[in-house]
Amino acid sequence: MHVLPPGAPGGPADGGGGSAPWPAPRSGSTAAGVRGGPRSRPAPPHVTRSDMVSPPPGAAAAAARLCFGPGPRPLMGSQGHPGPPGNGGSGEGEGGEARKLQEGRVARGKRRKGKGKAGAGKGGRGSGAEGKPGLQKAKETAGLGAEAGARAGPGEEGEGGGSVEEGARGFVRGDEGSAGEGKEARGRGDGKKAEWRVRPGRREDARPGRAQGRGSQAWGCIAGAGAAGVAMAAAAEEEEEEAAAREPAGLPAAGPALLRLPEELLLLICSYLDMRALGRLAQVCRWLRRFTSCDLLWRRIARASLNSGFTRLGTDLMASVPVKERVKVSQNWRLGRCREGILLKWRCSQMPWMQLEGDSLYISQANFILAYQFRPDGASLNRRPLGVFAGHDEDVCHFVLANSHIISAGGDGKIGVHKIHSTFTVKYSAHEQEVNCVDCRGGIIVSGSRDRTAKVWPLASGRLGQCLHTIQTEDRVWSIAISPVLSGQLMTHLGSDFPPGAGVLDVMYESPSTLLSCGYDTYVRYWDLRASVRKCVMEWEEPHDSTLYCLQTDGNHLLATGSSYYGVVRLWDRRQRACLHAFPLTSTPLSSPVYCLRFTTKHLYAALSYNLHVLDFQNP
């Protein structure tokens with residue numbers, strides 16, 4: 001309820017104690033929203049007729065000055081006389097054109113707001129806003145009535161029209177309707193709570209204005225807020241939400257200008273970061289975490305890391321595994337962090353040899369070769385073997401995998417050829433004594449024996465067992481490897497200053513012109529045939545003066561060796577002279593050489609006399 005200031009006509013100072021006489025509407029005019037003609041509007045139970053009177057003469061001018069937009073013209077009737085007050089704030093004069101215009105505006109406002117069904121003649125009832133149901137409709141009705149009354153015609157300046165008066169009465173009734181009839185409209189409304197909303201160019205307050213002691217200024221504030229501004233603000237908000245929904249999820253919504261650069265340029269900038277900087281950048285946000293996982297950013301770092309799956313020439317041997325994950329595991333190799341385990345045990349001492357192919361492990365035990373399948377973690381095996389390959393009368397000394405075949409060399413002087421996916425097995429006598437080593441490449445088999453000979457054999461099924469060439473040597477042949485060039489000719493002799501008994505126990509090619517060797521003289525040597533065949537390019541010495549039985553390389557920087565005492569496995573960085581880490585796998589009573597070792601980017605496997613060990617670098 002709003003009380004007029006003292007001195008206003010009909011107010012307490014004016015002496016009005018009874019019902020204030022309202023001017024009767026002219027003939028032919030009808031209160032807005034009432035079809036049956038004029039009818040008296042009962043006063044609210046807590047407001048007397050003397051309180052509901054016309055605003056003071058200066059109320060219209062004050063309202064015009066307080067509006068946010070341009071002030072309305074004097075509110076007069078169509079004939080130049082003050083229009084009678086309407087019942088709903090419609091601003092009617094003598095003419096019916098203003099009434100029709102106002103009714104159309106009110107109807108459009110209802111459709112735009114969608115606030116339910118409220119009578120136009122009950123100004124301010126049923127806006128649906130929770131808390132003050134009639135306030136918003138009172139604002140719209142008063143504003144529309146003021147505009148329609150101004151268009152009805154010019155009149156006497158300084159006198160208020162019926163629309164302003166009815167707008168004020170609608171404001172009072174809307175305030176009252178919050179406790180009474182406004183409850184029905186609240187149920188039909190959209191249930192949105194009253195709040196302060198800030199929109200471009202205006203502020204809309206969903207709470208009733210505090211008009212006590214301010215006279216007609218409150219009516220001016222109401223007249224300045226129209227339904228059109230609310231609709232425009234709502235439309236702008238919907239457009240912003242739709243634009244945000246259409247924005248690609250892969251791009252950051254906001255952030256520094258660096259993140260809005262083209263992807264190619266951002267990749268170039270980040271390619272200069274080291275591993276630690278990329279890791280910190282990935283902690284900034286989710287988008288940068290996804291971006292910094294790109295393989296292109298980590299490829300340069302991976303090529304400089306240990307055992308990351310890249311060769312010295314940049315060939316990616318494990319393209320299916322993300323490069324970033326491989327770099328993470330590579331740090332465990334560099335720092336020597338791993339978890340030790342035992343995959344297999346034997347009851348008697350063995351001299352096992354093994355090979356890896358995919359998710360399968362092939363290992364020799366006595367005169368058999370067994371195939372096992374790794375479990376998904378790579379650190380354990382299915383106990384039941386996939387296949388067993390037999391054919392030798394004595395222990396299997398060495399074997400290789402080539403062209404879906406297993407070519408084995410036995411202590412019985414025979415070579416065995418087994419098909420992996422069938423039971424086909426062929427064995428034939430190759431040497432007079434035990435066959436220590438064998439290799440196969442390009443359909444050619446080469447074997448070396450204790451009888452001081454190396455022989456060349458065909459792999460073709462129709463010519464198995466036919467010796468193609470015999471190479472006579474001056475000593476026992478302990479290891480053999482076929483060059484990728486497949487020249488078939490004696491190219492050179494490596495070294496000449498070795499002491500007696502300095503046998504080479506393992507040799508492997510890295511490229512057609514580079515190879516590695518190790519043996520009894522406790523050295524690992526790196527040879528480059530393009531530089532010199534008389535002296536190695538680089539060498540690494542075993543610190544404990546132990547014989548080196550086997551070696552393995554990742555084709556880049558990592559080198560692993562197996563020693564003859566205590567089952568010691570050593571890791572070397574070929575860019576350094578000293579050993580990186582040593583892992584003793586046996587205790588003193590069970591001292592055993594490491595007869596063979598193999599590794600992947602995540603695990604290292606070492607075969608000893610009684611056990612098959614695994615070093616898990618993925619989950620240390």
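Of the chain's 620 residues, 46% count as buried, where buried means under 20% relative accessible area, exposed over 50%, and partly exposed in between, with a 1.4 Å probe and protein chains only as cover. The model is predicted, so local features need pLDDT of at least 70 and side-chain atom pairs pLDDT 80 or more, while totals for chains, interfaces and linings use all residues. Residues are numbered from 1 along each chain as its sequence is written, and side-chain values use heavy atoms, with hydrogens and water left out.

Me: Why is His431 called buried?
Reply: The relative accessibility of His431 is 8%. The limit is under 20%, so His431 counts as buried.

Me: Where does His431 lie?
Reply: His431 is in the loop between strand 11 (425-429) and strand 12 (435-441). Helices (H or I, at least four residues) and strands (E, at least two) are DSSP runs, numbered from the N terminus.

Me: What makes the link between the side chains of His431 and Asp451 a polar contact?
Reply: The two side chains are joined at 3.4 Å. A polar contact is a pair of N or O atoms within 3.5 Å; within protein, one must be able to donate a hydrogen and the other to accept it, and residues adjacent in sequence count only if both atoms are side-chain atoms. The value of 3.4 Å for His431 and Asp451 meets that distance limit.

Me: Which residues does His431 contact beyond its neighbours within four places in sequence?
Reply: Among them are Gly413, Ser447, Asp451 and Lys455. Contact means heavy atoms within 4.5 Å.

Me: How do you know whether Ser546 is buried or exposed?
Reply: Ser546 has 5% relative accessibility, so Ser546 counts as buried. This residue, Ser546, sits in the loop between strand 19 (538-541) and strand 20 (548-553). Leaving aside neighbours within four places in sequence, Ser546 is in contact with Thr522, Ser563, Ser564 and Tyr565.

Me: What puts the buried residues of helix 11 on the same side?
Reply: The buried residues of helix 11 (residues 295-303) are Leu297, Trp298, Ile301 and Ala302. They cover an arc of only 125 degrees around the axis, so they are on the same side of helix 11; the arc is that of the directions from the helix axis to the C-beta atoms. An α-helix has 3.6 residues a turn, so residues three or four places apart point the same way.

Me: Why are strand 10 and strand 11 called paired?
Reply: Two strands pair if DSSP finds at least two bridges between them. Strand 10 and strand 11 have five bridges, in the antiparallel sense, so they pair. Val417 stands opposite Val426 in strand 11. Five bridges also join strand 9 (residues 405-410) to strand 10, again antiparallel, and Ala409 stands opposite Ile415 in strand 10.

Me: What makes strand 10 mostly covered?
Reply: In strand 10 (residues 414-419), five of the six residues are buried.
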